Amino acid sequence: MPETSGSAGPARRLVLPATAGAASVAFGAGVGELSAAVLAPASSPFVVVGALLIDVAPPWAKDAAIGLFGTADKAALLVGIGLVLLAVAGAAGVLEARRPPWGQVLFGLVGVAGAIAASTRANAPMLAIAPSALAAIAAVVALRLLVMRLPSRVEVTRHSSTGEGDAGVDRRRFLGWAGGAVVLGAIAAAGGYALQAGTRAISAVRDAIILPKAATTATVPAGAELGIDGLAPLITPNGEFYRIDTALAVPAVDPADWSLRIHGMVEREITITWDELLALPLDESITTLACVSNEVGGELIGNAVWLGYPIRELLARASPTPDADMVLSRSVDGFTASTPLEVLQDDRAAILAVGMNGEPLPAEHGFPVRMVVPGLYGYVSATKWVVDLEVTRFDATSAYWTDRGWSERGPIKLSSRIDVPRRGQSVSADAAVIAGVAWHQHVGVDGVEVQIDDGEWREAELATAISDDTWVQWRYEWSDAAAGTHTVRVRALGADGEMQIADRQGVVPDGATGLHEVTVDVS
Ligand SMILES: Nc1nc2c(c(=O)[nH]1)N[C@H]1C(S)=C(S)[C@@H](COP(=O)(O)O)O[C@H]1N2
Ligand SMILES: [Mo]
């Protein structure tokens with residue numbers, strides 16, 4: 001009999017509310033993992049918080065963790081985060097039972113912390129904060145509902161002999177709800193885990209790949225990289241390379257299952273497997289990829305060292321018929337691009353790429369094999385996860401973006417961009433340098449000119465170009481900069497004598513035109 005007031009009292013006051021908090025967090029964490037799997041695989045709340053802790057931990061703490069847990073240090077970290085989270089969850093449950101809505105507020109703060117951790121990761125995806133936000137919302141809702149179902153107040157049972165029975169029923173009912181929340185959380189987490197199984201398996205396969213040495217290597221000439229702070233690096237690191245595609249989830253393609261079929265208007269249909277491709281002599285080439293959706297001054301452009309095999313050679317084996325004029329490349333996910341046949345047959349480095357900046361292609365850049373074609377916008381040439389090349393005619397079929405209002409052909413337009421100074425940045429008059437990049441892939445850039453306000457055009461200094469297939473850096477020593485606000489404008493001159501088009505045109509249907517300008521405060 002004394003049991004009722006002796007043990008059930010504290011249990012009701014602390015253990016059950018804490019249980020409500022813990023169950024809510026289990027539910028929220030499950031929702032977080034599932035939404036991460038669907039929306040932003042790199043932004044699982046646990047992973048981003050763990051990654052942030054690893055980044056901010058002092059070296060001695062890392063050494064101590066490795067000393068204690070060895071190679072299980074990361075697992076130990078995740079377990080540690082889980083324990084801290086459980087403690088916070090217990091506190092939130094008690095708080096919510098006594099002083100609502102402070103338990104909800106505490107969960108909200110944890111969610112905000114997760115979102116900040118996610119959005120500050122290098123290369124954070126656009127939806128990075130979504131998993132933490134959804135996890136917090138789910139946990140808050142669960143907490144509110146569970147606290148409402150806590151067994152009725154302790155006093156009732158103390159004075160009533162039948163109360164113990166009622167309270168027992170209430171208690172079991174509450175534990176049923178709490179258990180349900182945990183089970184739902186576990187199912188959500190398991191679902192997320194299952195959804196990512198393919199991706200995980202493929203990334204393990206990718207990590208184990210050692211690409212063959214290039215038969216011919218590409219070199220960056222001295223004087224190509226100006227090394228100016230704020231200027232886009234000459235070679236874009238993979239993690240910073242823009243990503244554009246229609247794939248909601250990145251396709252997981254196992255190289256062992258990959259093959260490319262060349263068919264259509266050819267004498268001989270051919271198929272090549274991953275092993276066969278890697279056994280061919282692979283060349284390095286440096287090519288600047290650009291997106292047709294890149295606005296004037298935009299960032300949808302990047303330059304990489306690619307490793308691959310010339311498509312020209314494979315086409316020669318298949319032997320296209322004389323009336324063919326287009327190759328429709330197809331991705332494993334159905335995306336298609338229409339590339340003029342002659343572009344894939346001339347001597348440019350139009351390749352089936354397997355390597356990007358010394359690594360196998362990153363999954364989101366087309367692992368295991370993609371096309372790279374100097375001179376054409378990505379939407380008509382750079383098919384990622386490519387599995388099929390159909391030799392055909394422009395008047396017989398059309399590609400993904402052509403069916404949606406974009407031009408069937410997409411040669412990259414002569415263009416230039418100012419990187420330094422940034423828009424609105426203030427610079428001092430005695431050290432004013434203007435710098436940027438210019439490109440006209442497979443044609444080449446002959447010069448860059450800069451205009452201050454509406455003054456005359458002045459010649460900028462071009463860095464050494466890697467080749468006509470890449471962007472080139474430029475700089476202009478602004479020695480007569482006067483204090484005040486100025487507009488700086490840039491234009492490029494093509495190696496074919498063309499001048500960059502100044503008339504502004506949007507990106508549809510075949511790429512933007514117009515000159516990039518920035519406003520600068522000189523002091
Ligand atoms: N499978 C597939 N490949 C694709 C696309 C796509 O949507 N799906 N987009 C193309 C476009 S529009 C561009 S600009 C380039 C971008 O390549 P990146 O993401 O490696 O920078 O890929 C091209 N290849
Ligand atoms: Mo694009």
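Which residues have the most contacts inside the largest nonpolar core? Before I answer, a note on the source. This is a predicted model, in which local features need pLDDT of at least 70 and side-chain atom pairs count only at pLDDT 80 or more, while totals for chains, interfaces and linings use all residues. Residues are numbered from 1 along each chain as its sequence is written, chains are lettered from A and ligands numbered from 1 in the order in which they are written, and side-chain values use heavy atoms, with hydrogens and water left out.

A nonpolar core here is a set of buried Ala, Val, Leu, Ile, Met, Phe, Trp, Tyr and Cys residues joined through side-chain atoms within 4.5 Å; buried means under 20% relative accessible area with a 1.4 Å probe, protein chains only. The largest such core has 74 residues, and Ile262, Leu277, Trp306, Leu352 and Val354 have the most contacts inside it. Its largest share, six residues, comes from strand E4, residues 301–310; strands are DSSP runs of at least two E residues, numbered from the N terminus.

Let me turn to Ile262. Beyond its neighbours within four places in sequence, its contacts (heavy atoms within 4.5 Å) include Ile270, Leu314 and Leu389. Leu389 in E10 is also the bridge partner of Ile262. Strands E1 (residues 259–264) and E10 (residues 386–392) pair in the parallel sense over four bridges, pairing requiring at least two DSSP bridges. E1 also runs antiparallel to strand E2 (residues 270–273), again with four bridges, and the two form a hairpin with five residues between them. There, Leu260 stands opposite Ile272 in E2.

Technical notes: Buried means under 20% relative accessible area, exposed over 50%, partly exposed in between (1.4 Å probe, protein chains only).
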